[in-house]
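Good morning, and thank you for the time.

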Amino acid sequence: MIFRYKQYQVQKECYKMIKNNKIGVVLPAYNAAKTLKQTFDEIPQDIVDEIILTDDCSTDETTKVANELGIKHIIVHQTNKGYGANQKTCYQKALELGCDIIVMLHPDYQYTPKLIRSMCYIIAEGVYPVVIASRILGKGARKGGMPLYKYISNRFLTFFQNLLMNQKLSEYHTGYRAFSREVIEQLNLEADSDDFVFDNQMLAQIFYSGYEIAEVTCPTKYFEEASSINFKRSVKYGLGVIFTSINYLLAKTGIKKNRIFKSKTMNKTIPKT
Ligand SMILES: Nc1nc2c(ncn2[C@@H]2O[C@H](COP(=O)(O)OP(=O)(O)O)[C@@H](O)[C@H]2O)c(=O)[nH]1
Ligand SMILES: [Mg+2]
């Protein structure tokens with residue numbers, strides 16, 4: 001009897017997986033109360049096993065809405081730790097829950113969750129270990145209302161990064177990404193920034209570790225709740241991106257080592273400076 005119950009539990013836990021991969025969607029949230037429901041409603045629940053929301057001490061009712069929606073894993077930061085720190089919490093929880101494929105999606109309803117399935121299949125089929133949803137492939141960014149200064153900066157930074165890292169992505173700045181568990185486990189995320197440049201450091205680490213990244217075309221929507229980063233913070237982010245690429249090149253050519261590109265195991269033996 002106990003055996004049969006256990007078997008049932010396993011089946012119950014497994015039925016949503018894609019090719020035996022447990023799928024987790026992580027939502028790093030900050031003041032997402034107004035857009036969370038729309039985002040959540042479009043998540044393909046038939047394949048997603050775990051949804052994790054981390055609330056970085058929002059000043060609105062993000063956590064209340066998340067509870068009302070029945071999101072099982074909600075982690076609340078008691079202080080505002082930053083966008084990068086919020087994602088670190090997300091990935092740690094997703095790994096703890098045993099997710100094999102982890103999709104990071106901004107809960108500001110800027111990107112359609114309807115691509116989750118396609119992105120996960122690319123990873124589950126073993127074609128690529130990382131997939132990003134690009135607003136720049138095609139004409140979606142400007143059509144969706146991306147401000148001209150953000151579009152031009154995106155194009156400039158992407159050009160610069162591709163050049164220094166010898167890659168060919170259409171953009172490095174999307175808030176919609178999927179990773180295999182192996183990739184997340186491998187990266188030294190703790191060494192990354194707690195601020196916005198975290199996203200960029202993560203992609204640089206992925207390339208540094210020799211993984212390839214796939215891109216899918218993604219529509220985008222710019223409206224008040226979906227875009228709060230002002231010009232000053234964008235400039236800070238842009239400078240961070242430039243430094244990340246320079247550090248990548250210096251580390252890759254052996255000129256200057258960098259903490260974020262050290263493997264996790266190496267980092268354990270080297271105390272932080
Ligand atoms: N944790 C954290 N996240 C933030 C903060 N400010 C913005 N964000 C999140 O960072 C993400 C990107 O910001 P957003 O304003 O949407 O940028 P844009 O869409 O690129 O213009 C969104 O998911 C925001 O909720 C913050 O202070 N802390
Ligand atoms: Mg946004």
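Please bear in mind that this is a predicted model, in which local features need pLDDT of at least 70 and side-chain atom pairs count only at pLDDT 80 or more, whereas totals for chains, interfaces and linings use all residues. Residues are numbered from 1 along each chain as its sequence is written, and chains are lettered from A and ligands numbered from 1 in the order in which they are written.

I begin with the chain as a whole. Its secondary structure comes to eleven helices and seven strands; helices (H or I, at least four residues) and strands (E, at least two) are DSSP runs, numbered from the N terminus. The C-alpha trace spans about 65 × 45 × 40 Å along its principal axes. For 273 residues, a compact globule would have a radius of gyration near 19 Å, and the chain agrees, with 19 Å. That radius is taken over C-alpha atoms, and the globule rule is 2.2 Å times the number of residues to the power 0.38.

Buried residues make up 39% of the 273. A residue is buried if 20 or more other C-beta atoms lie within 10 Å of its own, exposed if 12 or fewer, and partly exposed in between, with C-beta atoms placed from the backbone. Of the contacts with a separation of 6 or more, 76% come from residues 24 or more positions apart, a contact being two C-beta atoms, placed from the backbone, within 7 Å.

Which residues touch the most other members of the largest nonpolar core? They are Val26, Ile102, Val103 and Ala178, in a core of 59 residues. Helix α9 (residues 198-208) gives the most to this core, with seven residues. A nonpolar core is here a set of buried Ala, Val, Leu, Ile, Met, Phe, Trp, Tyr and Cys residues joined through C-beta atoms within 7 Å. Leaving aside neighbours within four places in sequence, Val103 is in contact with Val25, Ile116, Met119, Cys120 and Ala178.

Strands β1 (residues 23-29) and β2 run parallel, joined by six bridges; two strands pair if DSSP finds at least two bridges between them. Six of the six residues of β2 (residues 50-55) are buried, so this strand is largely enclosed by the rest of the structure. Glu50, Ile52 and Thr54 lie on one side of β2, and Ile51, Leu53 and Asp55 on the other.

Strand β5 (residues 130-134) is likewise largely enclosed, because five of its five residues are buried. Val130, Ile132 and Ser134 point one way, and Val131 and Ala133 the other. In a regular strand the side chains alternate between the two faces of the sheet. β5 runs antiparallel to β6 (residues 176-180), with three bridges, and Ile132 has Arg177 as its bridge partner there. With β7 (residues 213-217) it runs parallel, through five bridges, and Val130 stands opposite Ile213.

Finally, helix α7 (residues 148-165). Its 18 residues reach 25 Å from first C-alpha to last, close to the 26 Å expected at 1.5 Å a residue; the expected span is 1.5 Å times one less than the number of residues. Asn154, Leu157, Thr158 and Gln161 are buried in α7. Seen down the axis, the buried residues fall within an arc of 105°, so they line one face of the helix; the arc is that of the directions from the helix axis to the C-beta atoms. They pack against α10 (231-252). The face turned away carries the exposed residues Leu148, Tyr149, Ile152, Phe159 and Leu163. After α7 comes Asn166, whose phi is positive, near 55°.
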